[in-house]
Amino acid sequence: MIFLIGIDFTLPLKNPVLLFSLILFIILFAPIILNKLRIPHLIGLIIAGAIIGPNGLNLIARDMSIILFGTVGLQYIMFLAGLEIDLAEFKKNSSKSLIFGMLTFSIPMILGTVVGLYVLDFSMATSVLLASMFASHTLIAYPLISKLGVAKNRAVTVAVGGTMITDTLALLVLAVIAGMQTGEINQEFWIRLGFSVILFGLVVMLIFPIIGRWFFKRYDDNISQYIFVLAMVFLGCTLAELAGIEAIIGAFLTGLALNRLIPYTSPLMNRIEFVGNALFIPFFLIGVGMLIDYKAFIKDWDTIQVAGIMTVVAIVGKYLPAYITQKLFGYTRDERRLIFGLSNAQAAATLAAVLVGFNIIVDYKSVNSYNEVHLKNNKLTTENNQVILFSELKKGEYPTLGSIAFVNNIEAKGSFKLNDKTQMSFVNGKLADIRIPNRLLNENVLNGTILMILITCTIASFVAQKGAYNIALAENDETDSEDDVVIESDEKILIPMKSVDSVDELINLAVTIKSKKNKTGLFALNVISNNASTAVLESKAQKIVKRAAVVASSTDNSLNMLMRYDLNILNGVSSVVKEHKISDIILGQTESLGASDSLFGPLTDGILNKCKTTTFIYKSVQPLSTVKRFIVVIPERAEREIGFPFWLIKIWNLGKNTSSKIVFYGSETTINFIKDIHAKHPVDAEFNLFSDWDDFLILSRHINKDDTLVVVMSRKLNLSYNSVMSSIPGFMNKYFDKNNVLIVYPLQSTLSGSKLDLKSSAALETFTENIERLDDVRKLIGKLFRIK
């Protein structure tokens, strides 16, 4: 057993290897075991923390390492909430978020104040501080909802927006009450607080995006980008604390500020979610569990009574706002469950309030015996090293106390304070008096808060999981039950590649525009000529497709790697399109543009002529994540063509997944048609009339440096084709060389049939003859939105 000699097994464990391995096994097995019991794994982590913590088996001390990782986890939850929120929905529902935020703040404040005054017999200051604890909440259940894929639901958006409002107000109440007790509330306090909060908000929301866009344009290293994001999060938290508000507000606003720069489908987002959900957030939940002291619940009746009253008020105070919000805005029962589940959990801000209140001492009172003083593990040490436990102290005894040399780092002269604020007075070396503090929030409230946190987190997790599961299930059922329009759901996107330098941007574009349910429909292709020397070319081709697979896998998508030998690249691409029934092609612009006999170069022109699928030609000068707007120019009668819904849904995904604004330019008929779709499936969009393609370059006045120009084209002899389209490649080189440009060639066919059955290309019916057929397009687009 010599190998065990160097390991210290004394409790609590101090060996970092043992500590970390134990926590990792808890994080690993808690979800596995509890998922079989249909119990949210969040609850398992909190319970595990209670078991291994200082009040349980005492395996792990709640030291600075746990506090550090737990703090990171809490900020991570708030940051993810701001980062994943749908900004278009957030703006659309901002008034609803404000209403819910005020409801979920004011109702608990009123209930808590009344209960504190008339049920618990507290003072006004104590009652208001207690009520602020009920008003705040923590998004404990957010990882559950995000995992089930409903994080962008309107109810989640309203709840997350309301969280920022109620937590800010509750923490301001905390600051005011604390300031009143310490005598710091004056005109200067309010001016300083208002100025610092406004300055903080402006810096985070205006300066952070500029810094982020600058960084992402210049540095594409995966590790550097992740460290940068983490640094910005905690810079935001630091600025929030300097402004006088809680760090969680800074984390949330940082998420909002970086929202547009980190697309939901990007590799960076995948890494952020992975690290947070795998490590930081579980640490926070385990740390919360370590606070639970089950012994305090059975110590006396007062603790149980206070804890029960606090828990009931907290639950009722959050259920009523959720119920009122549901009725006001016509939400479903499951959406109410989402709102209540997200807002019911008490943790971070509640702990901050109760600890601040517990440390605020109103006055002192004398006690007749030490039995009335509740202290733990404290002792006096005389200069001759005699140890005297507090429990043994009696008035008038211990004359040697007059020569005490050390008492918790405080010298014993006259009256002194111990670490827990208890005062002891000595006269002529004898203990004369013991006085204990009257705290703003007493020990019963402190212990009751821990029980309230455990119960509310448990209820919130169960309710949120049920609501999210039902909504996700309903969305799937709705998709599966639609049979009025038959759609080929097997979306397959082909990305032919010639150079490894363009791989990242082309794959990122494909991942951004594809359906979120399509995890296996990406194909990377490199064609090798039969007549060329194959050894070097084959090695280069393998390098390209493997790089594409790595980029795709970093976004949790599987990519099909294709290497093909053929007479030439054009034959290879067209053959793969037919063999794999490709629905979309994404080409990088690598050839000379605008030559007299060629638009995009011989290869690209050949692909456009031979392949009638939806084709995207992409020229990238800056990362997709740094684009502010997509300027989409649409020709007249584009909505009548068969490929209209297929490219439109891709552009819609482009705006939605990047949270960037889409600015449409088109004829009145086309714009009105898109507006009709936008009313039911909103993204951040703007609509402008434009039909004079002869004056196409006038659009350059409206295109800024960080915009991407998207031009919808048409193959010759199709309804939306016009002669100016032959000049577009030249314009790209001359006038838009500093912008990203995406050229779209829609699916176009002259085949006709009797039904709109997209499973069979022979059955596709064009819309060039009868405008009434646009109703079918609306149905098709609605269906596409539900499966995307």
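Which residues line the second largest cavity? The lining consists of Leu83, Glu84, Ile85, Lys152, Asn259, Ile262, Pro263, Tyr264, Met269, Asn657, Thr658 and Ser659.

## The model

This is a predicted model, in which local features need pLDDT of at least 70, side-chain atom pairs count only at pLDDT 80 or more, and totals for chains, interfaces and linings use all residues. Residues are numbered from 1 along each chain as its sequence is written, and side-chain values use heavy atoms, with hydrogens and water left out.

The protein has 25 helices and 16 strands; these are DSSP runs numbered from the N terminus (helices H or I, at least four residues; strands E, at least two). Of its 788 residues, 55% are buried, where buried means under 20% relative accessible area with a 1.4 Å probe, protein chains only. Among contacts (heavy atoms within 4.5 Å) between residues at least 6 apart in sequence, 77% join residues at least 24 apart.

## Cavities

Rolling a probe the size of a water molecule over the atoms shows where empty space is left. A cavity is a set of points, on a 1 Å grid over the protein atoms alone, where a 1.4 Å probe fits but cannot get out; lining residues have an atom within 4 Å of a point. Grid points are joined across faces, edges and corners, and a volume is the space filled by probe spheres set on the points. The whole structure holds 2 cavities of 30 Å³ or more.

The largest cavity has a volume of about 60 Å³. Its lining is made of Asp86, Leu87, Ala88, Gly655, Lys656, Ser659, Pro682, Val683 and Asp684. Helices α4 (87–92) and α22 (644–658) each give two or more residues to this lining. The second largest cavity contains about 50 Å³ of space, and the elements giving two or more residues to its lining are α3 (64–84) and α22.

## Buried elements

Helix α18 (residues 503–513) has 9 of its 11 residues buried, so it is largely enclosed by the rest of the structure. Among the buried residues of α18 are Val503, Leu506 and Ile513.

Strand β11 (residues 614–619) has 6 of 6 residues buried, so it too is largely enclosed by the rest of the structure. In a regular strand the side chains alternate between the two faces of the sheet. In β11 both faces are covered, with Thr614, Phe616 and Tyr618 on one side and Thr615, Ile617 and Lys619 on the other. Strand β10 (residues 584–588) runs parallel to β11 and is joined to it by 5 bridges; strands pair if DSSP finds at least two bridges between them. Ile585 has Thr615 of β11 as its bridge partner. On strand β16 (residues 740–745), which runs antiparallel to β11 and is joined to it by 5 bridges, Ile743 is the partner of Ile617.

## Nonpolar cores

A nonpolar core is a set of buried Ala, Val, Leu, Ile, Met, Phe, Trp, Tyr and Cys residues joined through side-chain atoms within 4.5 Å. In the largest core, of 129 residues, Tyr142, Val229, Ile262 and Ile272 touch the most other members. Not counting residues up to four places away in sequence, Tyr142 touches Leu80, Ala81, Glu84, Ala151, Val156, Val160 and Leu342. Apart from this core lies another of 45 residues, including Ile513 and Tyr618.

## Ile607

Ile607 lies in helix α21 (residues 602–610) and is buried, with a relative accessible area of 2%. Leaving aside neighbours within four places in sequence, Ile607 is in contact with Leu570, Val573, Ile585 and Leu587. The C-alpha atoms of Ile607 and Leu570 are separated by 6.3 Å, although the two residues are 37 residues apart along the chain.

Notes: 1 Å grid on protein atoms, 1.4 Å probe; cavity = no way out; pocket = protein on both sides within 12 Å on 5 of 7 lines; lining within 4 Å. Buried < 20%, exposed > 50% of the residue type's maximum accessible area, 1.4 Å probe, protein only.
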